[in-house]
Amino acid sequence: HRSNPFHWISQWNGQFFERSCLAHVGLILHLGHDGKQCPALTDRCNLFEEDEPEDQLEPEDLPFVSGPEFQPKENTMVIVDKSGVHCLEVRCCDCPNAMSLDIQLFRHGFFPASFNRPKTVFTFGVLDDFLLDNLECGTSAMNYYSKLRQMTSSMFPHLVPDRYRELMRVAQQWRQLKIMKWHGFGHCSNTPSTGELALFCPACPQPGINVLLSGDESLNDWKFTRSFVMDGNFKAEHLHPIKPFDEVWLSDGLGFMVGKDRYKMHLEEAADTVEKSSCNNHRAVNQANASRHKLESTSIGGVACARHGCFVPHSMVDFQKGKRQAIQMNMDYALCEASKHNMEGITRAVTFYDINCQYNKHLRVRVDQSRFLEMAPELTIIPGIRLWHVHGHQDSCYVRYASNFIEGIGRIDGEIMETLWARLNLISPAARGMSSPHRKECLDYQMNDSNFCKMIRMKRTLCQKYKLARNGIAESGKAFDRLDEAAPAHSKMEWLARERIAQSSRLNDPAAMDEYEINIKKTPSKKEIELRLLEESNARNAAPSHRSVATWISTGLAIEEAQIALLIKVRRAGRRCTETQRLDIAHQRDQLQGQIDGFTR
């Protein structure tokens with residue numbers, strides 16, 4: 001069992017085999033010399049010399065097991081593994097050239113909960129397992145450690161040593177070390193800069209990374225347009241931290257969440273102005289959420305690529321108030337940070353936001369007036385509204401902001417960010433009460449995994465879309481050719497000229513896109529037709545003693561409607577109708593017969 005020290009054994013108690021642990025049979029973990037005892041080791045190795053008496057491991061802290069009474073020694077450690085919580089004696093190497101105790105523990109696959117005099121360690125396996133459960137299942141640290149206590153002693157889990165707080169602290173460090181290693185900072189002294197601990201979309205145009213221009217190409221071409229979708233997630237709340245002065249930031253601004261200091265200064269300086277919506281009465285514009293004093297942030301918002309659904313690094317922000325204030329302050333900061341990520345030389349970007357008809361009006365003015373908002377002057381922002389949300393706007397917003405009328409954007413609905421929130425909502429309840437650094441690191445980890453899954457599955461998806469697009473080009477070309485042949489030549493020239501004017505003027509005057517609005521004459525109602533016929537009859541000076549044709553037709557239609565209504569009533573009454581129903585039907589028949597006699601005279 002030296003190579004498998006965390007195996008739960010069964011021990012004969014005189015009547016039956018019951019569960020026991022290897023510590024009862026004298027198992028000792030030696031950290032050096034391939035698991036053998038160090039030659040320089042004395043009769044005992046006190047790892048906790050000069051430790052406080054109250055921190056010593058008490059016998060009653062151990063789970064109840066039968067067999068020989070095991071008294072914990074001074075160098076006994078609590079080892080948390082995937083199989084449960086173990087208490088084993090650990091001896092380190094005492095050679096003159098031996099490494100420090102924490103390094104010996106790391107080399108043996110243990111992560112110590114503290115580095116001075118460790119008494120609790122976590123195996124690398126249990127940390128990886130917890131991060132995976134937290135990522136895929138949304139398991140909180142409390143629930144995960146409760147599971148380990150149940151696995152250790154299903155009858156008396158409360159007797160198992162409680163290392164819940166140590167698990168939270170060590171898991172936060174382990175997550176940071178993993179991300180540093182995955183992004184190439186594990187074995188070098190370089191410090192990562194803003195957004196360098198985050199993956200991004202490999203298919204979106206990024207000069208110097210996946211864009212190599214030929215002699216006649218330019219980044220001004222429509223195919224190098226970057227597409228962004230902006231949205232807020234109002235389930236990712238966060239409570240006020242209990243001890244904000246005691247928080248430790250490991251990756252502030254290095255992932256998807258923006259750096260706290262500069263963002264805080266922007267919020268303090270940004271003007272909180274409220275503009276009345278000129279579109280429909282959207283709750284996102286005109287109604288601020290009620291102030292919730294227990295929440296440090298009411299939600300999060302950010303930017304993702306609209307075509308492939310990858311979060312943009314360093315572009316996720318916290319919302320402190322209702323969505324009204326978030327429009328101008330929070331989302332401005334998120335969009336400006338997204339526009340700086342690998343976009344050197346790109347001059348065209350399309351943004352999709354469900355209230356872009358109001359948000360984009362004074363965007364450049366707000367950027368120019370702020371010290372903390374930066375956006376390249378040559379970058380042209382083309383506003384768009386997501387296809388599902390645009391139908392809740394006024395009719396004019398459809399041709400002005402729908403992706404169907406944006407040149408070069410392709411087939412994008414802009415709704416992909418709604419699917420991305422589903423992954424984050426898995427971890428949001430557990431992150432609600434975390435410290436601010438830990439919460440942001442968990443969200444970064446979740447968004448990084450979302451982007452990674454997009455990357456490894458993107459090849460198949462893009463190939464399928466490419467095949468559909470090739471087949472669609474042929475079908476669309478035939479339909480366009482038929483339409484082009486049927487249209488007059490002078491009309492086509494006029495349409496092209498009006499289209500060029502509308503597309504070139506849409507940024508300064510969105511109403512120019514009303515050229516695409518379909519003008520359909522509304523079908524006149526029955527009353528309008530009757531009124532028109534009466535006016536035409538009077539215009540011909542008809543004799544007053546004779547009814548006009550319009551009045552005669554209208555009377556006949558009214559009689560037919562009365563006949564249909566009476567027939568429906570008779571069928572509903574059926575054969576077993578009451579005397580009152582039969583009398584009512586008879587009265588209606590008599591009245592209808594009088595109308596028919598008067599109509600036929």
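Is Ser 251 buried or exposed? Ser 251 counts as buried, because its relative accessibility is 12%, and buried means under 20% relative accessible area, exposed over 50%, partly exposed in between, with a 1.4 Å probe and protein chains only.

Before going on, the basis. This is a predicted model, in which local features need pLDDT of at least 70 and side-chain atom pairs count only at pLDDT 80 or more, while totals for chains, interfaces and linings use all residues. Residues are numbered from 1 along each chain as its sequence is written, and side-chain values use heavy atoms, with hydrogens and water left out.

The overall figures, then. The protein has 601 residues, 44% of which count as buried. Its secondary structure comes to 18 helices and 14 strands; these are DSSP runs numbered from the N terminus, helices being H or I of at least four residues and strands E of at least two. Contact means heavy atoms within 4.5 Å. Among contacts between residues at least 6 apart in sequence, 71% join residues at least 24 apart.

Back to Ser 251. It sits in the loop between strand E9 (238-239) and helix H5 (260-269). Leaving aside residues up to four places away in sequence, Ser 251 touches Gln 176, Leu 197 and Glu 441. Ser 251, Gln 176, Leu 197 and Glu 441 are also among the residues that line the second largest cavity.

On a 1 Å grid over the protein atoms alone, a cavity is a set of points where a 1.4 Å probe fits but cannot get out; a pocket is an open set with protein on both sides within 12 Å along at least five of seven lines; lining residues have an atom within 4 Å of a point. Points are joined across faces, edges and corners, and a volume is the space filled by probe spheres set on them.

The whole structure has 4 cavities of 30 Å³ or more. Helix H4 (164-182) and helix H14 (436-486) are the elements that give two or more residues to its lining, and H4 has the largest share, 4 residues.

Now the largest pocket, with about 1500 Å³ of space. It is lined by 41 residues, and the closest to its centre are Arg 307, Gly 410, Arg 411, Ile 412 and Lys 465. Strand E8 (226-233), helix H13 (416-431) and H14 each give two or more residues to this lining. H14 supplies the largest share, 15 residues.

Last, Leu 557. Leu 557 is in helix H17 (residues 549-573) and is partly exposed, at 39% relative accessible area.
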